[in-house]
Amino acid sequence: MSDHDFISGSKPIPLERGEGSFLYSTDGTEYLDAGASYACTPLGHSNPAVVDAVQEQVGKLTFVDSSFPVQSREDAYAALVASTHDGLDSAWFCNSGTEANEAALKFARSATGNSKIIAATRSFHGRTMGSLAATWKDKYKKPFEPLAGDVEFVPYGDGEELADAVDEETAAVILEPIQGEGGINVPPAGYLERAREATEEAGAALVFDEVQTGMGRTGQMWACQNAGVTPDILTTAKGLGNGLPVGAVAVRDWIADGAASHNATFSGGPVVTAAVHATISTLVEEEWPAHAASMGDYLTTELEATLGDEVREVRGEGLLIGIELKRGANRAARDLAINHQVLALPAGRTVLRLLPPLVIDQEEADQLIDALGAVIASDDS
Ligand SMILES: *Cc1c(COP(=O)(O)O)cnc(C)c1O
């Protein structure tokens, strides 16, 4: 197997079953899923509450379009809005992260009457044309240009440069509260507050892309709650339905009132919203965000102690952890999977990303730490 095969998606591990923090291949081998399949299963694989809700709903009413009220959508809507800061009182469901950001940009443009978008270096917002235009890496963009432009990039983490770029022609500033794909980049204290001030002053919409940071991973339901900053638009997807394809956009009144019409056929379908309701209710009732905070502290402290000088940095918040290696992250991820049955994700060339399910326990965390210790200490990783 070449490195290319591994990172391009053809990982040679045929999987057939998942339970909690583990995945099982067809030959019965157990893998610790330290990437939660790209943060999509915060409650672990095949969480019983979500499986039951989905099975019941699929047998009762699989689909009806969003012009009819259905209980599962109303329950999911109420749970989502209740989980956000006060002020984000309306929401719209879609099917993915990129679609949530696409909607956010349309809402911001129509509510402000402006078109200029400000995004950050090293951002990732998705691969459809609008979200892609606000994504940093040329690798994703170049072959598809020209994109739905009018996007200016400013250095992530620099509040003053951001504030300088925002003016009365700005429709939106779109930021990840902590960057995921870009390498688990945590901005300095005060950055999100500065973005809030600058957008408020200019009448622009502040969009927080919480597709990866949301759903309890950083210790609160939404990462912006750690900073105490409420955006005008919050987008999410990945873990929202614990593995079912669903995204959402939560907005303040001025966006809801000012935005032009936007919709999608599958918006808020009964089955995916049954999953959303079960996922959010379980996260909240069983207090998994607090568990994520304490397991995140444990993992980060132990990883620093174990890996010490072998790595450049361990950083992140809660169970969104990046390990900046002195070597390539793809090789380390491959070695972890093949030799230690631990699945982790690269985030850029040298950062190994850990996004375990929030339900990871201490024994599983120790297994992860031991495997990382072995791989990172060895010469061939
Ligand atoms: C994954 C991701 C997206 C794109 O989500 P898709 O569901 O793959 O379209 C957007 N923003 C962030 C921060 C992400 O991590």
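## H13 against H15

Met 295, Tyr 298, Leu 299, Glu 302, Leu 303, Thr 306 and Leu 307 of H13 touch Gln 362, Ala 365, Asp 366, Leu 368, Ile 369, Leu 372, Gly 373 and Ile 376 of H15, where contact means heavy atoms within 4.5 Å. By class, that contact has 10 nonpolar, 3 polar and 2 charged residues. Here Ala, Val, Leu, Ile, Met, Phe, Trp, Tyr, Cys and Pro count as nonpolar, Asp, Glu, Lys and Arg as charged, and the others, Gly among them, as polar.

Helix H13 covers residues 288-307, and its axis sits 10 Å from that of H15 at an angle of about 25°. The two helices are therefore roughly parallel, and H13 passes H15 in a right-handed crossing. On the terms: axes are lines fitted to C-alpha atoms, for helices over the stretch in contact, with angles from 0 to 180 degrees between N-to-C directions. Under 35 degrees is roughly parallel, over 145 roughly antiparallel, 65 to 115 roughly perpendicular, and the rest oblique. A crossing is left-handed if the near helix is turned anticlockwise from the far one by less than a right angle, and right-handed if clockwise.

## What sort of model this is

This is a predicted model, so to speak of local features takes pLDDT of at least 70 and side-chain atom pairs count only at pLDDT 80 or more, while totals for chains, interfaces and linings use all residues. Residues are numbered from 1 along each chain as its sequence is written, and side-chain values use heavy atoms, with hydrogens and water left out. Helices (H or I, at least four residues) and strands (E, at least two) are DSSP runs, numbered from the N terminus.

## H14 against H15

H15 (residues 362-377) also meets H14 (residues 329-340): their axes come within 10 Å and cross at roughly 120°. That makes the pair oblique, therefore, and the crossing is right-handed. On the H14 side the contact uses Ala 332, Asp 335, Leu 336 and His 340, and on the H15 side Ala 371, Leu 372, Ala 374 and Val 375. These residues split into 6 nonpolar, 1 polar and 1 charged.

## H4 against H12

Further up the list, H4 (residues 71-83) and H12 (residues 270-285) have axes that come within 8 Å and cross at roughly 40°. This pair is therefore oblique, with a left-handed crossing. H4 brings Ser 72, Arg 73, Asp 75, Ala 76, Ala 79, Leu 80 and Ser 83, and H12 answers with Pro 270, Thr 273, Ala 274, Val 276, His 277 and Ile 280. The tally is 7 nonpolar, 4 polar and 2 charged.

## Around the ligand

Residues around the ligand (a heavy atom within 4 Å) include Ser 96, Thr 98, Asn 101, His 125, Glu 176, Gln 212 and Lys 238. For polar contacts (N or O pairs within 3.5 Å), a polar backbone atom of Gly 97 is 2.8 Å from a ligand oxygen. A backbone N or O atom of Phe 124 is 3.2 Å from a ligand nitrogen, and a polar side-chain atom of Asp 209 is 2.7 Å from a ligand nitrogen.

Glu 145 and Pro 146 are joined by a cis peptide bond, with omega about 0°; Pro 146 lies in the loop between helix H7 (138-141) and strand S6 (151-154). Ala 36, in helix H2 (residues 36-39), has a positive phi near 45° although it isn't glycine.

Key
Polar contact = N/O pair within 3.5 Å; in protein donor to acceptor, adjacent residues only side chain to side chain.
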